[in-house]
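Walk through this structure one element at a time. Keep the sequence beside the model as you read.

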Amino acid sequence: MAKQIMVKAQNESLRAYLRGKRSFKLFGITLTIQHAHDNEYQVLLPDLCEIFRLQDCGSGNVRLYVV
């Protein structure tokens with residue numbers, strides 16, 4: 001079950017980032033996408049714990065790393 005929740009969170013993070021959103025709700029929890037470095041973004045829980053890192057490679061290519 002936990003793996004399914006993580007996969008859902010990863011998919012929604014990518015979808016929100018590609019749509020230009022900086023926050024989204026998942027199961028009643030608001031996750032925030034915040035700029036980290038040159039082309040990297042953090043996906044944060046409400047307590048500011050990083051769970052994913054998105055790397056924008058250009059041309060719509062985005063890599064997702066689990067932290």
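Ile-5 lies in helix H1. Helices here are DSSP runs of H or I with at least four residues, strands are runs of E with at least two, and both are numbered from the N terminus. The model is predicted: local features need pLDDT of at least 70, side-chain atom pairs count only at pLDDT 80 or more, and totals for chains, interfaces and linings use all residues. Residues are numbered from 1 along each chain as its sequence is written, and side-chain values use heavy atoms, without hydrogens and water.

Ile-5 has 38% relative accessibility, so it counts as partly exposed. Buried means under 20% relative accessible area, exposed means over 50%, and partly exposed lies in between (1.4 Å probe, protein chains only).

Helix H1 spans residues 2–18 and also holds Glu-12. Glu-12 counts as buried because its relative accessibility is 18%. What does Glu-12 touch, not counting residues up to four places away in sequence? Its contacts are Phe-24 and Leu-26. A contact means heavy atoms within 4.5 Å.

Both partners belong to strand S1, residues 23–26. Phe-24 and Leu-26 make up its covered face; Ser-23 and Lys-25 make up the uncovered one.

Next comes the pairing. S1 runs antiparallel to strand S2 (residues 29–35), and four bridges join them. Strands pair if DSSP finds at least two bridges between them. Leu-26 stands opposite Ile-29 of S2. The two strands form a hairpin with two residues between them. In that turn, Phe-27 has a positive phi of about 55 degrees.
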